[in-house]
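Some labels used for a protein structure rest on a cut-off. The questions below ask how such labels are reached.

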Amino acid sequence: MNRSEARELLMKMLFSMEVQNDYSRAHKARFFEENIEDAEQVEYLERMYACIAENLPAADGLIRESSKNWKIERMCKVDLAVIRVAVLEIMNMADIPDAVAINEAVDIAKKYGTEGSGKFVNGVLGKVAKIKDAK
């Protein structure tokens, strides 16, 4: 499993957690057990789950600030999961360039989202990157 596949898997986990309103370690463990066949990317996924557990409210605040005309509650759940993965990478993982996180998110959004998901995700994440650079 490469990093792109790990991001997709993380997006699917966040989607599942959002739909079920369950961000618990038990849900994560169940998801890993059912979906991870290759232990190679477990470190990245564990690291990202730790970021989610610690930083989801802050990430959502940044998403709200970057999408003033869209409430998180009204966003397509797939788009929201994709954006959350990228925001957590942008804000917490210095070893991943912002452009890589954004490009990967756009590709995932195009694959799993609606026709306009790629543009929407790109727009929100572009604003997130600008806010981060301004701080």
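A residue counts as buried when its relative accessible area is under 20%. The model shown here is predicted.

Q: Why is Glu 8 called buried?
A: The relative accessible area of Glu 8 is 16%. The cut-off for buried is under 20%, so Glu 8 is buried.

Q: Where does Glu 8 lie, and which residues does Glu 8 touch, leaving out those up to four places away in sequence?
A: Glu 8 belongs to helix α1, residues 3-20. With that exclusion, Glu 8 touches Ile 108, Lys 111 and Tyr 112.

Q: What makes α4 and α5 roughly antiparallel to each other?
A: The two helices, α4 and α5, pack at an angle of about 170°, and their axes are 9 Å apart. Angles over 145 degrees count as roughly antiparallel, and therefore α4 and α5 are given that label. Their crossing is right-handed.

Q: Which residues of α4 and α5 meet, and how many of them are nonpolar, polar or charged?
A: On the α4 side they are Val 78, Val 82, Ala 86, Glu 89 and Ile 90; on the α5 side, Asp 98, Ala 101, Ile 102, Ala 105, Ile 108, Ala 109 and Tyr 112. The residues of this contact comprise 10 nonpolar, no polar and two charged.

Q: Which residues touch the most other members of the largest nonpolar core?
A: Tyr 44 and Leu 125 do, in a core of 47 residues. Helices α1, α2, α3, α4, α5 and α6 each supply at least two residues of this core. Beyond four places in sequence, Leu 125 touches residues including Ile 83, Val 87 and Ala 105.

Notes: Residues are numbered from 1 along each chain as its sequence is written. This is a predicted model: local features need pLDDT of at least 70, side-chain atom pairs count only at pLDDT 80 or more; totals for chains, interfaces and linings use all residues. Side-chain values use heavy atoms; hydrogens and water are left out. Helices (H or I, at least four residues) and strands (E, at least two) are DSSP runs, numbered from the N terminus. Buried means under 20% relative accessible area, exposed over 50%, partly exposed in between (1.4 Å probe, protein chains only). Contact means heavy atoms within 4.5 Å. A nonpolar core is a set of buried Ala, Val, Leu, Ile, Met, Phe, Trp, Tyr and Cys residues joined through side-chain atoms within 4.5 Å. Axes are lines fitted to C-alpha atoms, for helices over the stretch in contact, and angles run from 0 to 180 degrees between N-to-C directions. Angles under 35 degrees count as roughly parallel, over 145 as roughly antiparallel, 65 to 115 as roughly perpendicular and the rest as oblique. A crossing is left-handed if the near helix is turned anticlockwise from the far one by less than a right angle, and right-handed if clockwise. Ala, Val, Leu, Ile, Met, Phe, Trp, Tyr, Cys and Pro count as nonpolar, Asp, Glu, Lys and Arg as charged, and the others, Gly among them, as polar.
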